Amino acid sequence: MVPITTLHYLVVAAALFVLGVIGVLTRRNVVIVLMSIELILNAVNLNLVAFSRLYGLHGQIFAIFVITDAAAEAAVGLGILIAFFRNKETVNVDEVDLLKW
Amino acid sequence: MQPVATTFFFYFLSAVTVISGIAVITRRNPVHSALALIVALLGQAGLYLMLYAPFVAGVQIILYAGGIMVLFLFVIMLVNIERAQKEEQFNKQWIVGIVAALALGVLFVLVYMKGKGLFPQTVAQLPEGENTQGIAMLLYRDYMFAFEIASLLLLVAIIGAVVMAKKRI
């Protein structure tokens, strides 16, 4: 049986990253686009923690900072979504075109 | 003789995470997507545990699956999802999006195949049982400035979210 190496974790992280990119590029619902961004950030975190197994704890520190950024990004993004929904009654990304007059 | 349980748990948790990730981007109901994302985050916390990172796994469960996902579910309940469910779920550029994402995936695989020798494939034995202590020493001593900047970032995010979501200031 093949032992589990760092490469296995990197492949899982790459799969999650690609899934997140597909979600960002194809979905119309803003909430699901934000969730796909969370998937992308989690894929990066998995890479950082997998490499921290080889090179010391610094990767885990970076993962914690990425989680902090994800919390801030989710709060601001959902605030923008609520403000936009109050003005235009839609949650679709391709209808967010107020600047395109 | 390799232990079998490690291999089994790795493939089990990876399958849970990736299948839930697929469910996140394909479900029509945003609530189902959010629940699938919670399962994906829990599976990933299990992967962190397998990588001997119990502190990050705990932070993942408490902060992500507990905090951020509650925020998501709250906003899903606030916006009108009945009308959004009846509409088309994918935008017009979905073919281009999938092709671009798959090209990115092929690029990842090529880079991993070529660059496999750049990092050691045998796992270094870090001292176990001192994970949280080590993170605390790094976070409060070596990364002190970045830690303070992170707190400032959270303050800005709180103010921004309140300003954005409030009707009139």
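The model is predicted.

**Chain A**

Chain A has three helices and zero strands. Along the sequence the pattern reads α-α-α. Its radius of gyration is 17 Å, well over the 13 Å that the globule rule gives for 101 residues, so chain A is more spread out than a compact globule. Along the principal axes, the C-alpha atoms fill a box of roughly 55 × 25 × 20 Å. Of the 101 residues of chain A, 54% count as buried. Among contacts in chain A with a separation of 6 or more, 49% join residues 24 or more positions apart.

**Contact between chains A and B**

Chain A puts 62 residues into the contact, and chain B puts in 72 residues. On the side of chain A that touches chain B, α1, α2 and α3 each supply at least two residues. The largest share of that side comes from α3(A), with 21 residues. By residue class, the side of chain A that touches chain B divides into 43 nonpolar, 14 polar and five charged residues.

**Domains of chain B**

The domain assignment of chain B gives domain 1 at residues 1–84 and domain 2 at residues 129–169. Taken over C-alpha atoms, the centres of domain 1 of chain B and domain 2 of chain B are separated by 23 Å.

How values were computed
Residues numbered from 1 in each chain as written. Chains lettered and ligands numbered in written order. Predicted model: local features only at pLDDT ≥ 70, side-chain atom pairs only at ≥ 80, totals over all residues. Contact = placed C-beta atoms within 7 Å. Helix = DSSP H or I, 4+ residues; strand = E, 2+ residues; numbered from the N terminus. Nonpolar A, V, L, I, M, F, W, Y, C, P; charged D, E, K, R; others polar. Domains from an automatic or database assignment. Rg over C-alpha atoms; globule rule 2.2 N^0.38 Å. Buried ≥ 20, exposed ≤ 12 C-beta atoms within 10 Å, placed from the backbone.
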